[in-house]
Amino acid sequence: GELEEQKVARAALGLSAERVVLFFGYIRPYKGLKTLIEAMAKLRTEDLELVIAGECYEDKGIYTSLIERLGISGRVHFIDRYISNEEVPRFFAAADLCALPYKSATQSGIVQVAYAFGVPVIVTSVGGIPEVVDDGVSGLLVPPDRPDLFATAIDRFFEDDLSDMLRA
């Protein structure tokens, strides 16, 4: 079943936490990954790991040094490479939640991918993204560039156990 699949996927990715948040896709400045990394350091939720999976189109050091400075290296798995189509299901199977902390965007194909795998999303309210996310139903909406509010949304997701409610 789904839980078994999740266990297998997490083992394959070397994850051991009870909760997994996924950032998936090409890493470019507008994707707002910094916001998510900063949010990770503000979480109340314990036993949570962040998986960052995708090709980096800027200096990876921007992120790795921030992760180290915040002291969260042990909770962040940075898989900085192209993810083949065959591998995609494994990442989404492992995740409880897909995070899209974009600073700007017209739309996101990742939201559709997450929905296809039944993974709820937390996204920033930029561009056309809010149109595809029903706030509180299929995901949570957060203003951009607000690590504090992004952290609060992740905490709320796990504390209120919204995963069932949010499965589209």
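In this predicted model, the second largest pocket holds about 210 Å³ of space. Its lining is made up of 14 residues, and those closest to the pocket centre are Phe-24, Gly-25, Tyr-26, Tyr-82 and Ile-83. Sorted by class, the lining comprises 8 nonpolar, 4 polar and 2 charged residues. Helix H5 (residues 109-116) supplies the largest share of this lining, with 3 residues.

We can turn next to the sheet. Six strands form an open sheet with parallel pairing, in the order S3-S2-S1-S4-S5-S6. Strand S3 (76-79) and strand S6 (139-142) are the edge strands; each has a single partner, so one side of each is left without a neighbour in the sheet. From one strand to the next, the twist averages 20 degrees. Within the sheet, strand S1 (residues 19-24) and strand S2 (residues 48-53) pair in the parallel sense over 6 bridges. A handy landmark in this pairing is Leu-22, whose bridge partner in S2 is Val-51.

The helices complete the picture. Helix H2 lies across S1, S2 and strand S4 (97-100), and runs at about 165 degrees to S2. Helix H2 (residues 33-40) also packs with helix H3 (residues 61-69), at an angle of about 10 degrees and with the two axes 10 Å apart. Because angles under 35 degrees count as roughly parallel, H2 and H3 are therefore roughly parallel to each other. On the H2 side, the contact is made by Leu-33, Lys-34, Ile-37 and Glu-38, while H3 contributes Ile-62, Tyr-63, Leu-66 and Ile-67. By class, this contact of H2 with H3 has 6 nonpolar and 2 charged residues, with no polar ones.

Notes
Residues numbered from 1 in each chain as written. Predicted model: local features only at pLDDT ≥ 70, side-chain atom pairs only at ≥ 80, totals over all residues. Heavy atoms only, no water. Axes fitted to C-alpha atoms, helices over the stretch in contact; angles between N-to-C directions. Helix = DSSP H or I, 4+ residues; strand = E, 2+ residues; numbered from the N terminus. Parallel < 35°, antiparallel > 145°, perpendicular 65-115°, else oblique. Contact = heavy atoms within 4.5 Å. Nonpolar A, V, L, I, M, F, W, Y, C, P; charged D, E, K, R; others polar. 1 Å grid on protein atoms, 1.4 Å probe; cavity = no way out; pocket = protein on both sides within 12 Å on 5 of 7 lines; lining within 4 Å. Points joined across faces, edges and corners; volume = space filled by probe spheres on them. Pairing = 2+ DSSP bridges.
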